[in-house]
Amino acid sequence: MSRTEAGALQAVLIAGPTASGKSALAVEIAAARNGIVINADSMQVYRELRIVTARPSAGDEALVPHRLYGHVSAARAYSVAAWLDDVRHELAEARRAGRLAVIVGGTGLYFKALLEGLSPVPPIPPEIRSSWRTALAQDGVARLHDELARRDAIMAARLRPSDAQRIVRALEVVEATGRSLADWQAVAGEGALEAGLTERLVVSPPRAELYARIDRRFQAMIEAGALAEVAALAGLGLPADLPAMRALGVRPLMAHLAGIQSLEQAIAQATAETRRYAKRQLTWLKRNMIAWKWHVAQ
């Protein structure tokens, strides 16, 4: 939508690390301003993972409409491109209903795509996608990173050697197109919103408080039935490389259910991993959202 077509506020965007309190703020704003809350968290899209991804409560969902939560099967490798298609639809629906879109989440790339669009990478043939996923399972991520360094040194330097999903993506793109993913990413896309017609907030509690919230929240997840939820997910027999299987807390709890470690060890591992993830989120936000209004939640 152009400025002349709109001329008024299109959406409120709320980003922040996990457990920062951004979802509560989104509900507060939506309730006060005839809004609708739209999810921008890459794990809260999976219907099988309500508890461990800290999706909004039934009470919050009763206060204001919520969209793009739990609408995707864990068997699907949901992508940024798929989310951008879905969110365009929800934004159009919100405009037709005369509601303010309040978009909230911790996935920075979702917000980047929302405002800047995506590079026009051609579709990857299924056989190429399958071959690299097989290679990952057989050879491991370290060997694939070495292969990426041979084929595409620029992307290999950008990616962490342990980032299996993005390494596989870079390899399949360079094989299918003959060009580095970095080249495709340099081509401008078209966003779904104009930055100048949005309110953009980052919710960021003090570090010690954020870590304490993470610990308290995971304990609450256990009490709410996270073990049963993860057991049900394990029972689906899904491939380990699917995004839903990498949700924070899933692997430690699966290890506990398999008798590999105690529940106390699983909780300690999950909270430590979540703290590290929150730290990475904050680093990304500070680098990419410096122009947003930072709200120091207490």
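When I say that one element covers another, I rely on contact, and contact means heavy atoms within 4.5 Å. Keep in mind that this is a predicted model.

Let's start with α10, residues 207–224. Which residues of α10 are buried? They are L210, Y211, R213, I214, F218, M221 and I222. What covers them? The cover includes α11 (226–234), α12 (250–257) and α13 (263–288). Just after α10 comes G225, with a positive phi of about 110°.

Now α3, residues 80–97. α3 also has 18 residues and reaches 25 Å, close to the expected 26 Å. Its buried residues are A82, W83, L84, V87, E90, L91, A92 and A94. Their cover includes β2 (35–39), β3 (66–67), β4 (100–105) and α4. Just after α3, G98 takes a positive phi of about 70°.

Next, the packing of α3 on α4. Two packed helices are described by the angle between their axes and the distance between the axes. Here the angle is about 60°, and the axes are 10 Å apart. That makes α3 oblique to α4. The crossing is right-handed.

Who makes the contact? From α3, V80, W83, L84, V87 and L91. From α4, L109, Y110, A113 and L114. By class, that contact has 9 nonpolar residues, no polar ones and no charged ones.

Definitions and conventions:
Residues are numbered from 1 along each chain as its sequence is written. This is a predicted model: local features need pLDDT of at least 70, side-chain atom pairs count only at pLDDT 80 or more; totals for chains, interfaces and linings use all residues. Side-chain values use heavy atoms; hydrogens and water are left out. Axes are lines fitted to C-alpha atoms, for helices over the stretch in contact, and angles run from 0 to 180 degrees between N-to-C directions. Helices (H or I, at least four residues) and strands (E, at least two) are DSSP runs, numbered from the N terminus. Angles under 35 degrees count as roughly parallel, over 145 as roughly antiparallel, 65 to 115 as roughly perpendicular and the rest as oblique. A crossing is left-handed if the near helix is turned anticlockwise from the far one by less than a right angle, and right-handed if clockwise. Ala, Val, Leu, Ile, Met, Phe, Trp, Tyr, Cys and Pro count as nonpolar, Asp, Glu, Lys and Arg as charged, and the others, Gly among them, as polar. The expected span of a helix is 1.5 Å times one less than its number of residues. Buried means under 20% relative accessible area, exposed over 50%, partly exposed in between (1.4 Å probe, protein chains only).
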